[in-house]
Each structure stands twice: as structure tokens, then as C-alpha cells.
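Thank you all for coming; I would like to walk you through one structure this morning, going from the whole chain to its metal site and then to some of its strands.

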Amino acid sequence: MKYRRTIRELFRFRFFFSLCAFCLFHTGASAQSVKPVFQYTVSMPDPANHIFKVTLNCSGWGEDSINLKMPKWMPGYYQLMNYAAEVEHFSAKDKMDKPIAVKALNGNTWQISNTTNGSFVVSYDVKTSRQFVANSFLDSSHGYIIPAGMFLYADGYIKNPVSVKINMPAQWKNMATGLEPVTRKTNEFKAPDFDILYDCPILIGNLEELPSFTVNGIQHRFIGYKMGEFNRVQFMDNLKKVVESAVAVIGDIPYKEYTFIGIGAGRGGIEHLNNSTVSFDGKNLNTAAGMNTTMVFLAHEYFHHYNVKRIRPLELGPFDYDKANRTNGLWVSEGLSVYYEYMIVKRAGLSNEQTLFKNFEKNINAVENNPGRLVQSLTQASYETWSDGPFGRQGKDAAKSISYYDKGPVVGLILDLAIRHSSENKKSLNQRNRLQHVPGLCRTKT
Ligand SMILES: [Zn+2]
């Protein structure tokens, strides 16, 4: 298995469905009669110990008790992560600083009773041990926060606004996130609801920001940790071409600003509405092949802000963070994004036909040589990803499953060719054309 393929598969996280059932992402805040205030503070007094200190200040709570829950998974990575297992030293107190009893209801829910005075403070630690794009991590040189594994939501109040303040070590200088800053506050951010909070990881440390670029007047940034030596100007010039090429597929940019967040060495990336977190150390950017591999990787994560974040299966919205959100349509979200990652980079002028055909050849060979193609369909592979894993089953059952990262782009190619053939090349798989013809498909700006 090549690095290129492994990378792509490692960070595929996503869902969704049916070509004719696409619908737009954000559901909007639901009406709630009570609007409590949730204010989080994250501190890291001893980063070498790998522990985040989290405090939740809640006011305006109008019920006798509250159930606080840690999500079991994060948007973009469709595996149960058991984030709650990393929580330690959970405690609560009232506004008079008097301890309040806490009851652990199950593996990821804490119930706090006696909240009748409306205000309380919850404190807990989040220990970190694994450097991975879907896990929070803290060490002496940087911090990486996966909000779904850091911030509890109140059961029934997922659409409530929330704010986060970051107290970082004095020797660190900056942070990167897709969250909106709080006006006139330093290192404080806000989200209109917990879905948006969980969609915005936070990278903290002595980060480097590369020269930004604009597309259609909208700023695109790349901020990273330990990015290594490479030609930054050429890299950002290429990345701009990739973004322009991807935007041309849809014809619209639905965010105010976009940030690529490089989290350091590793494998994998996760897409979000206005940002993506990508394993990135710049090491392979000094060869043409390495630059191409990286651009294809970034094109994939970037294109997901359309295909899966805003155009997605109905089963994926609103998210239920308490269980696996199964869908038959993940192959569309992932497989067609693989198809477009090839096409975007080719249309950007950063690869040639030979490279394009080699990519398809690799996928076709992988499909044809896998006995699992006779056992598992694309929709079945989509539905079973929570149990099969992002790459399909491993070990003795590997031949009983397929990878939608291989078969998906092949089907995408066939679909595109079929549409072009039947319409005398007047239409294609591109959303720009399909938007006018697919019932139920809508789009909006966020
Ligand atoms: Zn993906």
C-alpha cells in the first residue's frame, strides 16, 4: 500500500447519501425556550504531562439537574472514539463554591443535580496520549484540541451557543482554528452551537503562517506546526490553483475565510466547514512527485467542504454524537471526493494525463484484485464502516470487504463519462450542472 493511498484512507471520515437525497448541511439553531450560557476555559499549566485542564462555567440554567455528555465521535472521522475515557477528576460546584454531587450515568454522561440556583462550575482533566488527527494531544511544544473530545454538551441543548477561552503557556505565541473570535477578547472564541464547535479543532503553539491568498476575494490561510523546509511561495501558489480549480467545480464559495491547519508529522486529515486539519511536515514537498501527492491530499480535504459538509446524506444531519450515524452514502462523500481530487489537481495544471490515468489504474486494479468486490457493495461498505473500519475489514476477513476509496472514484469516473456521453458532453457529474436537475438538492451560504 502506497503512502498516497494510506494517507487518503486514513483521514477519510464521512458519510452521507443517495445521489437524489442530497440536502444541505447546517440545520440552523432550533428554538429553545431556555438559553443558558456555556463558557469553557482550557488551560495547560504543565503541557509536558499531556493533560488539558477544562472548566465549564454555566449560568442561566433553568432545570433541577443537567446531564453533560461527551461525544462518542467527531465530525469527519466515522469511528467511535471513546473520548470520555480520557476524562479524569470530574467535579462540580455551585456559585458559592460549594461542591455539588456528580453521578456518572454511563460511560460518557455525568449528571449534576441541585442546579436550581442556575449557575454552576464543572471542572475536569482530559489526558492525551496519541498524536492523531482525530485525537487531542498536548506536549511541551504544542497543543491540539479536538473539541468533540474536550467539551461536554448538555443533553438537549446541542444547539445552544458556547464560548471557549484558551489559556496557553506563556512561551507559546499563537493558535489556529475555524472558530469565530470573540470581539475585543484575546484567545476567546465562540460558536453558535455545539455542532460548529465540534467542527473546529484548535492548534496551539509557536505556529507559522504562510503567505495567504484570496480566491474570489475570500482569504485562504495555511497555518502549521513544525512545517519543515520547502519552497513556501511555490507551495502556496500551487495550493491557490487547487482551491480555484475546486471552486470552479461548484461555482460558489460558502464561507467567509478558510484555514488549512497543519498539525505536524503523521498521516491523515479531517475536513470541516471552513477549515481542515492535515498531517503536514513539508518533508515531501521538495520533489515533484511529493508536491503532487500533497496537492492531491489537500484537494481531497478541501473539496469535502462541499461534498459531505454541505452536500451530504440526510442521515448525517443533525448529528447524533451518542451513537454511530450509519448511512449507505459514504461512498458518494468519499469516493467521489477521490475522483474529484484527481480532477481538481489535473485541471489546476499541477499534474498531467499520465498521472491522472495512473491514479485511476491504481484504483481499478485494487478493485479488480480484491475478492471482496463479490461480497460487499459500495452501499454496504458505507453502512458498515463503523464496524469494518475506515479501510474495510482487516486480517482474515479483509477479503470480505471493499474500500470505497478505491471503488468510489472508479464509479465516479464511470458516472461522469456516462453523463457526458448521454448529454453529448453538455452535462457532467459536476455539481454546477447537477444542481439544476437533482430533485431535493439545495445549497446555501454559511
Ligand atoms: Zn475524505
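This is a predicted model: local features need pLDDT of at least 70, side-chain atom pairs count only at pLDDT 80 or more; totals for chains, interfaces and linings use all residues.

Let me start with the surface: the accessible surface of the chain comes to about 18,400 Å², and 50% of that belongs to carbon and sulfur atoms, where accessible areas come from the Shrake-Rupley method with a 1.4 Å probe and, for residues, only the protein chains shown count as cover. Residues are numbered from 1 along each chain as its sequence is written, and side-chain values use heavy atoms, with hydrogens and water left out.

Of the 446 residues in the chain, 56% are buried, and by buried I mean under 20% relative accessible area, with exposed being over 50% and partly exposed in between, using a 1.4 Å probe and protein chains only. The chain has ten helices and 24 strands, which are DSSP runs numbered from the N terminus, helices being H or I of at least four residues and strands E of at least two. If we take contacts (heavy atoms within 4.5 Å) between residues at least 6 apart in sequence, 73% of them join residues at least 24 apart.

Now to the metal: which protein donors does the zinc ion have? They are H300 and H304, each through NE2, and E334 through OE, lying 2.0 Å from the ion; donors here are N, O and S atoms within 2.8 Å of the metal (3.2 Å for Na, K and Ca), and since water is not among the atoms, sites may look incomplete. Along the chain these donors follow the spacing H-x3-H-x29-E. H304, in the loop between α4 (288-303) and β24 (311-312), and E334, in helix α5 (residues 330-347), are 30 residues apart, so the pair links distant parts of the chain. Both H304 and E334 are buried.

Helix α5 itself is largely enclosed by the rest of the structure, because 16 of its 18 residues are buried. After α5 comes G349, whose phi is positive, near 80°.

The loop between α4 and β24 also holds Y306, which counts as buried because its relative accessibility is 3%. Leaving aside neighbours within four places in sequence, Y306 is in contact with A246, V247, I250, D252, I253, P254 and I311. Y306 and P254 are 52 residues apart in sequence, yet their C-alpha atoms are 8.6 Å apart in space.

Let me turn to strand β23 (residues 275-280), where six of the six residues are buried, so the strand is largely enclosed by the rest of the structure. N275, T277 and S279 point one way from β23, while S276, V278 and F280 point the other way. Strand β21 (residues 257-262) pairs with β23 in the parallel sense over four bridges, where two strands pair if DSSP finds at least two bridges between them. On the other hand, strand β22 (residues 264-271) runs antiparallel to β23 and is joined to it by four bridges, with G269 having V278 as its bridge partner in β23. A hairpin of three residues joins β22 to β23.

Finally, the cysteines: the count of disulfides, taken as pairs of cysteine sulfur atoms within 2.5 Å, comes to zero.
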